[in-house]
Amino acid sequence: MAHQSPQKILSTEQENAFQRDGFLILRGFASPQEVQMLREIAESALDPVIGPAEFEADVRYPGAPTSREAQGGDTPRRLLNALARDLRVRQWATQAAIGKALQSFFGGKIAFLSQCHHNCFMTKSPGFSSQTRWHQDIRYWSFAKPELISFWLALGEEIEENGGLSLIPQSHRQAFTAHQLDAMKFLRDDIEDNQPLIDSAIQTSLQPGDLMFFHSCTFHAAGANLTQERKISLVFTAHAADNLPTPGTRSAQYPSLPFESSQI
Ligand SMILES: O=C(O)CCC(=O)C(=O)O
């Protein structure tokens, strides 16, 4: 099993905060030049939409157009397969600093980048964006252990008004009964049992270049974009070397990629 002592790029306090809360924000991680470069790559694929893409109408979340034929039905929600869109995306996503941060979150185990989950530019457009209810990303993923970590780069400001993420701190270590979730594994907001949890949520506020790591079991949600500007984020998911996707599932469709190992 791959297990090395990571070169530290995070303080012990940051590592502890991630383990305790199930998320961690690194402010100003990407430079303004990187943000501009990555944003341009996304924008160049939005009009017309260069597939593969997921559309708001596909998810049928609250506020989404009812079909691809309805008004706003061609509004993209995610530009999929970000890793294949431009070599610079792959280079940014597999950089050593991110690999090392993930390695420390995984207790020293080497991290690998999944091509099968997230791997997208997440877009939220004015007018036709939807609300994403409380959920854990792991609900539809198939790995030996529910221990994956996503990283989310803000390519613009992300606040409540434009559909920035809210998270429930420490929810990644809690056990949930079937009663607390609905048939699609969203956290039910119509029962008393879940209110203290939902009341403990925090609304994130990200600036361009801020990088957020969050655990695949951390409940999160987001509202619609109520502003006039499109929100764009770059999002990936990683797993530890000893936590492999279940053969034959969507999680195993493409091989995971190593992170750069150069000295930091
Ligand atoms: O931006 C959003 O609406 C939430 C996205 C999200 O949580 C997801 O796709 O898992």
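The views below show a predicted model.

**View 1. Residues surrounding the ligand.** The shell around the ligand consists of M122, K124, T132, D137, G163, H220 and A222. Strands β5 and β11 are the elements that give two or more residues to this shell. Sorted by class, the shell has 2 nonpolar, 3 polar and 2 charged residues.

**View 2. The open sheet that includes β11.** Four strands form an open sheet in the order β6-β11-β8-β9, and their pairing is antiparallel. The edges are β6 (132-135) and β9 (202-203), each of which pairs on one side only. Strand β8, residues 165-167, pairs with strand β11, residues 220-222, in the antiparallel sense over 3 bridges. Within this part of the sheet, L167 stands opposite H220 of β11. H220 is also one of the residues that surround the ligand.

**View 3. Helix α2 and its buried side.** Helix α2 spans residues 32-43 and has 12 residues. From the first C-alpha to the last, α2 reaches 16 Å, close to the 16 Å expected at 1.5 Å a residue. V35, L38, I41 and A42 are the buried residues of α2. These residues lie on the same side of α2 because they cover an arc of only 130 degrees around the axis. An α-helix has 3.6 residues a turn, so residues three or four places apart point the same way. P32 and Q33, on the other side of α2, are exposed.

View 4. F112 is found in strand β4, which runs over residues 111-113. The cut-off for a buried residue is 20 or more other C-beta atoms within 10 Å of its own. F112 is buried because 22 other C-beta atoms lie within 10 Å. Leaving aside neighbours within four places in sequence, F112 is in contact with A238, H239, A241, S256, L257 and P258. F112 and A238 are 126 residues apart along the chain, and their C-alpha atoms are separated by 5.4 Å.

Notes: Residues are numbered from 1 along each chain as its sequence is written. This is a predicted model: local features need pLDDT of at least 70, side-chain atom pairs count only at pLDDT 80 or more; totals for chains, interfaces and linings use all residues. Two strands pair if DSSP finds at least two bridges between them. The expected span of a helix is 1.5 Å times one less than its number of residues. A residue is buried if 20 or more other C-beta atoms lie within 10 Å of its own, exposed if 12 or fewer, and partly exposed in between; C-beta atoms are placed from the backbone. The arc is that of the directions from the helix axis to the C-beta atoms. A residue is near a molecule or strand if its C-beta atom, placed from the backbone, lies within 6 Å of it. Ala, Val, Leu, Ile, Met, Phe, Trp, Tyr, Cys and Pro count as nonpolar, Asp, Glu, Lys and Arg as charged, and the others, Gly among them, as polar. Two residues are in contact if their C-beta atoms, placed from the backbone, lie within 7 Å.
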